[in-house]
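The structure is shown first, and the points follow by topic.

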Amino acid sequence: MAAPTTQFRNIPISTAETDLNTKTKRTSAISGESSVSTGAGNEWDFGTVDISGGANQSAVKMLFWNITANGGNTTADNFKIWLSSSGFDQAGTTLYMSSFGDGSTNSGLSFGDVGTNNDTQEYVANATLGTYNWTAFYESDPGALNVFCAEDDNSLDISTVPSDVVAVAAYLNVADNETTGTYKGTDTGYEFQGSFKFDYS
Amino acid sequence: MNKLTLTNKTTAAITLLGVYFAAGESKELSRDLADLILRNYPDKVQVLNRIKKDLCAFNKQFDSSMGVFK
């Protein structure tokens, strides 16, 4: 069997809750989405942040990951996401991601069709920093699952595709005195790259 | 074929899986071997499924970008 093929997409945070409340909607093309991968022009773009007045934050962004072909596999699980390369100089510059509802640790977002959320927070359109609880991204492989899928579960049935997404909200806090410039991908001294790992069988 | 007997061949295949996975290479070959064993030795399915799953992690990367100015 082959490894599953997957995709990342940046989803506009203005997307109405009712446009994301089924897994079919979540895995279909969403208005305003953009493909995210490695390479120039494909970045998950957090925009620009002005720190002339001191520490400042980016807007909230949202990333979807899903499997596009299962390669004959039936299960994907053990989802892990982390900031694998960072060129920021200041310790206070931190990428935050959505967390468990109680704010205890990293996790993903769920949506209106899931009901009670134990391990995720429910998506809210036009989210601001105050909308969700946040915890810092790991900056190395967390070693164990740190993000649940949109079904508020730690595994996905991928026997039929499309299945469902893993959704993460994030924002960046930029510390005062951070080195100015454009951070992206693997640019030397300005690295800004994430990794997503999953198991399949 | 006797599908319930654990033969030396199966043991060798399991060892081979461990070697391949420890080396972090030949993932597809190892997974094919696991599939072969699963088909022929259904009594070992649980153990082999776990071995197979442990070895089939897939790491995807994505770039982010942001401008900082003051």
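In this predicted model, the count of salt bridges between chain A and chain B is zero. The strand elements that chain A brings to the side touching chain B include S1 (5-10), S3 (44-50), S6 (75-86), S12 (166-174), S13 (181-184) and S14 (192-200). Of these, S14(A) gives the most, with nine residues.

**Extent and make-up of the interface**

- In total, 49 residues of chain A are in contact with 22 residues of chain B.
- About 3,200 Å² is buried between chain A and chain B, and carbon and sulfur atoms give 54% of that area.
- Between chain A and chain B there are 18 residue pairs in polar contact, with both residues at pLDDT 80 or more.
- On the side of chain A that touches chain B, 21 residues are nonpolar, 20 are polar and eight are charged.

**Pairing across the interface**

- Strand S14(A) pairs with strand S1 of chain B (residues 57-69) in the antiparallel sense, over seven bridges.
- In S1(B), the residue opposite A:Phe198 is B:Phe58.

**Pairing within chain A**

- S14(A) is also joined to S6(A), by eight bridges, and these two strands run antiparallel.
- A:Leu83 has A:Gly194 in S14(A) as its bridge partner.
- In S11(A), A:Asp157 stands opposite A:Thr75.

Technical notes: Residues numbered from 1 in each chain as written. Chains lettered and ligands numbered in written order. Predicted model: local features only at pLDDT ≥ 70, side-chain atom pairs only at ≥ 80, totals over all residues. Heavy atoms only, no water. Contact = heavy atoms within 4.5 Å. Buried area = accessible area lost by both parts, 1.4 Å probe. Salt bridge = Lys/Arg side-chain N within 4 Å of Asp/Glu carboxyl O. Polar contact = N/O pair within 3.5 Å; in protein donor to acceptor, adjacent residues only side chain to side chain. Helix = DSSP H or I, 4+ residues; strand = E, 2+ residues; numbered from the N terminus. Nonpolar A, V, L, I, M, F, W, Y, C, P; charged D, E, K, R; others polar. Pairing = 2+ DSSP bridges.
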